[in-house]
Every structure is written in structure tokens, then in C-alpha cells.
Amino acid sequence: MSEAPESYEAAVERLEQIIDRLDSGQAGLRETLELCREGRELVTYCSAELDAVGEGLKELKLDDLAARLESPPEVA
Amino acid sequence: MEELPGPFPVGRYARKLQEELRRRARVRLVGEVTGVSRSKVQAYFELRDAEGAVPCAIWLDDLEKAGLPEGGLRDGAEVVIGGGPDYYPGGGQASPSFAFRATHVRLAGEGDLLARLQALRNQLRAEGLFELQKQLARPRLPKTIGVVTAESGAARRDLLAGLERRGWAGTVIWAFAPVQDRRAAPAIGAAIQELAAMPAVEAIVVTRGGGSLADLWAFCDETLCRTVAMLRVPVISAVGHERDSTLIDDVAAVACSTPTHAAEAAVPLDCLAARDALIRSAAALRRAGEGAVGTRSRHLVALARGPARALRRERIALNQKTREIRAASERGLAERRAFQRRIALVVLSRAARRAAGADADSKREALRRARVAFRAHEPERTLERGYALAEDGDGEPVTSAAAAIAAKHVRLRFADGGVGAEIDRDGGER
């Protein structure tokens, strides 16, 4: 990927721009191919972001996390 | 120190202090009751809010006259008391103490709390604390959210249901805290700060179910609300029901009426719909890519075929022309040849005639004369005059008597035909 998107929303916004541009039919061949490549990368990124919050809810307790942080590291 | 007046006996000073305090104006105070205890004749408690506290005492007679419901004077109760400051100078054995002597007490009504809330609201708004959280960017798809709520309660369940409906299954860090009493506000404040300190946490939800304004009073705590306002992580509040409006709702980035709505505010993106939209986007990209290449390659193929077609067309036209030219030239050649032949014949005949010259005519005349002369000498002419010609068996002329005798048989040819004749060797002598 040329440059990782700042966030999911930034990626989606750019993706929408790309599709609008492609739909306009005004992009030349080189630009079209370039936009398609960028779009595919964005789709991959967004898909990974969605996968990250789609594989099962994880519930943690703040107290447990705090206790873990406070316990002294185990000495091998 | 020697310049100060005195020294006075302390007992006298204590009584003077009591007199002075009792002269102070009688007022009403509102706050939360904590640390209730009773003696045989009095009840003691502290009345406090976020800024401070005053130790209070009330004679049990006065408390009874107040007509509070059973257990009304309890820790966490919001009350209004009437009275003034007092000082107990102590005695030989008893310890001195200061207390606000309450003569009247009642539970704080919505009106009292709303008045306090309004005052706080005005103050915080004037300080611009309502705007800070609202200026924070809220991620549409957080991976981790923190939630402050009671460990047991419908709010927790409703929030999870809301998240599930969004199709969101990221990480939830639960920070359980009391949500109703004097300990609630500090515990909630501490939990929020701890969650905000975790880099992974992208949004914090603070939620509890409905209740009276007194029940929700912890969420109007000034310290808690100032803490929330200054956080750099967006806080989504869902406290009480739709009609309830707590101070935390004002300072939070988003105020929601229910935990379910809070789930939607914490995860603004509907993940299920987003996935569908993403699939559509991917398809649109694929179509655009294939379309762009396909259309252009078809165009290129057509362009590439163009010259070949044009060449073929030209070649056909050229061949046709060539055939026409060949046919025309052959035709022309034949005509020319025939013409030339005619010309040659004329020329040759003329030349021949020229070559023959004038003596040809005289030769022809001589020939005619010769032919007449020759005819005059032909034997047939002689026969016509009455002569006969003797011929032997071979048709050879017999021109002498000896030859005739030798031949024995001759044939006599007359002008009108021939007859055979026997030679009589003596016949000539008669």
C-alpha cells in the first residue's frame, strides 16, 4: 500500500471519491488503472478493519487489567 | 506572640465563641447526607457536596417533627436543612465540638436539585466546558471502547445488545463502578480517567438506567463533569431516561437517551451495512477496471483491424483496376494488331503491285496468246478435224506402221470416242 489511510472513515471517504471519479467516466486509462489499484488497497484495508471488529466480542475488566499492570513481573 | 491580648481562660473563650456563632444568620443548606450516627438525644451527620462539608447535628425531637419517611436520614440522601452554626464548648469530661445545628430537615426535592443543577450548568457553560468534548473527533469504527457502568444492571445488557445489532464485535473494557451514592461520582471519575489513559480505548461510554434526579445526582457532580470535559477521549453519556438531563450529558461528546443509543454513538458505523457497502465498492472498482481495459482493448482491436480492412479494400480495388487495365490493354493491343495487320496487307499488296509493275499486263497478254496457240495444237483440235489417234494398250501413241504391227492391237481415238482395231499387216499394201 502506498500510504496507509489515517482511519477507516478517511479510507471510505477516499474510496467514495475514487468511485465517483470512475463513475464520471472522465478518467483516462492510466488514471483509471491507478484509481482501481488505490481503491483495491483501500477495500483491503477497510475489510481488515471490519474483520478486526467482526471476529467475536472480547470483554475485559479494567480492574483485571489494572491488577495485571500492578503485579511485579515474574522472574524467570 | 506577647503582643497579642490575653491570655484568657479557655472556657470563657469557648462560651464567647458559642455566642458569636449562634448570632450568625440562620440559613438553609442543601447537600448529601453522609456518616449518619445517633446518640440518645441527637442525630449526627455530615452534609457535603463536591466543594466541602459541614458537620451537622439535629435533636431527635426536631428530626421526628420533620416527618421524614422511614430511614429518610441516611447516607447518600440529598436533604435540605435549616438552622445555624453552633459550638459545644464541652465540659469537664465532654469534648468540645462544632456543628451546624439543624432545626428543620426535609429531603431535597426536584426543585432544589434542579436549582443546584442549573447553577452548575450555567457555571460550566460559561467556562466553555460544554464544547470541549464535542470538538473531539470520534472514530467511526473504534476497535476498543471503555464502558463505565454498574456491574449488575440492564444498562450493561442493553449496551451489548446495541453493539451486537451494529455487527460490532471488538473489545469492550468494562469499568464497573457504583452509579448511585456518595461514592459514585469519585469512582466514576477515576474509572473514566483510567480508561482514557489506555491508548487502545477510542471512546468511553458512561451509562446507567433511569431514576429520580436524586438517584442520578452522581452524574451531576461538578468534579466528575469537569474531569469528563477535559478528557481527550470522547465520552458518550447515557444516564437515565430521555426526560432526565444530568450535567454529564452537557459536557459529554454525545448524550444518548438509552444504552442502546449509546452503543450506536460509540460505534457510529453499522458494520453489517459497511461490509455490504464495501462489497459493492469492490465490485464497482472491478467493473471500472475491467470496463476501462475492455472498452479500450476492443477499441484498439477495432483500430488494429481498420488498417487491415482498409488494405484489403484497397487491394481488392487495385486488383479490379489491374484486371480492367489488363483487359483494356489486351483489347487495345488486339485492335492495334488487327489494325496493323490491315495496314500491312494494304502496304504489301500495294508494294507487290508496285513490284509487278507495267510489264505484268503485257505478260498476261502474251500468256493468253500462247494459251490460244497451244490450244490450236492440242490433239483434240486435230481429232475434231477428222483425224484419229492410234494408241497402244498402254495409251501411248502409235506413230508408225511398224509400231502398229508390233502392237497387233491398237485403239483408235476419234473426237467422239475410241474404238479397238486389229492390225492387218498386209492391209497397207492394197
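This is a predicted model: local features need pLDDT of at least 70, side-chain atom pairs count only at pLDDT 80 or more; totals for chains, interfaces and linings use all residues.
## The barrel in chain B

Let's start with the barrel. Five strands of chain B close up in the order β1-β2-β3-β5-β4, with mixed pairing. From one strand to the next, the twist averages 55 degrees.

The pairing can be followed strand by strand. β1(B), residues 27-38, runs antiparallel to β2(B), residues 42-48, and five bridges link the two. Within that pair, B:Arg38 has B:Ala43 as its bridge partner, and B:Val33 stands opposite B:Leu47.

For a closer look, take β11(B) and β12(B), the latter spanning residues 409-414: they pair in the antiparallel sense through three bridges. B:Ala390 is found opposite B:Leu412 in this pair.

## Where the chains meet

The contact between the chains involves 28 residues of chain B and 30 residues of chain A. On the chain B side, β7 (171-176), α5 (184-196) and α9 (271-356) each supply at least two residues. The largest share comes from α9(B), with 12 residues. Sorted by class, the chain B side has 18 nonpolar, five polar and five charged residues.

Strand pairing also crosses from one chain to the other. β1(A), residues 58-61, pairs with β7(B) in the parallel sense over four bridges, and A:Lys58 has B:Thr171 as its bridge partner.

A:Val53 counts as buried because 24 C-beta neighbours lie inside 10 Å, and the cut-off for buried is 20 or more. Apart from neighbours within four places in sequence, A:Val53 is in contact with B:Leu141, B:Lys143, B:Trp168, B:Ala169, B:Gly170 and B:Cys271.

## Nonpolar cores and a covered helix

The largest nonpolar core contains 74 residues, and B:Val205 and B:Ile236 have the most contacts inside it. Domain 2 (116-269) and domain 3 (271-334) of chain B each give this core at least three residues. Beyond its neighbours within four places in sequence, B:Ile236 has contacts that include B:Ala203, B:Val205, B:Val254, B:Cys256, B:Ala262, B:Ala265 and B:Ala266. There is also a second, separate core of 15 residues, with B:Leu73, B:Val79, B:Ala99 and B:Val105 among them.

Helix α8(B), residues 259-266, is mostly covered, with six of its eight residues buried. Those buried are B:Pro259, B:Thr260, B:Ala262, B:Ala263, B:Ala265 and B:Ala266. Their cover includes β6 (144-149), α4 (154-165), β8 (203-208), β9 (235-239) and β10 (254-255) of chain B.

## Backbone details to look for

Most residues other than glycine have a negative phi, and most peptide bonds are trans. Two places in chain B are worth a look with that in mind. The peptide bond from B:Gly6 to B:Pro7 is cis, with omega near 0 degrees. B:Pro7 belongs to the segment before α1 (10-23) of chain B.

The other place is B:Lys408, a residue other than glycine whose phi is positive, near 65 degrees. B:Lys408 lies in the loop between α12 (401-407) and β12 of chain B. With 12 C-beta neighbours inside 10 Å, B:Lys408 counts as exposed.

Conventions. Residues are numbered from 1 along each chain as its sequence is written. Chains are lettered from A and ligands numbered from 1 in the order in which they are written. Two strands pair if DSSP finds at least two bridges between them. Axes are lines fitted to C-alpha atoms, for helices over the stretch in contact, and angles run from 0 to 180 degrees between N-to-C directions. Two residues are in contact if their C-beta atoms, placed from the backbone, lie within 7 Å. Ala, Val, Leu, Ile, Met, Phe, Trp, Tyr, Cys and Pro count as nonpolar, Asp, Glu, Lys and Arg as charged, and the others, Gly among them, as polar. A nonpolar core is a set of buried Ala, Val, Leu, Ile, Met, Phe, Trp, Tyr and Cys residues joined through C-beta atoms within 7 Å. Domain bounds come from an automatic or database domain assignment.
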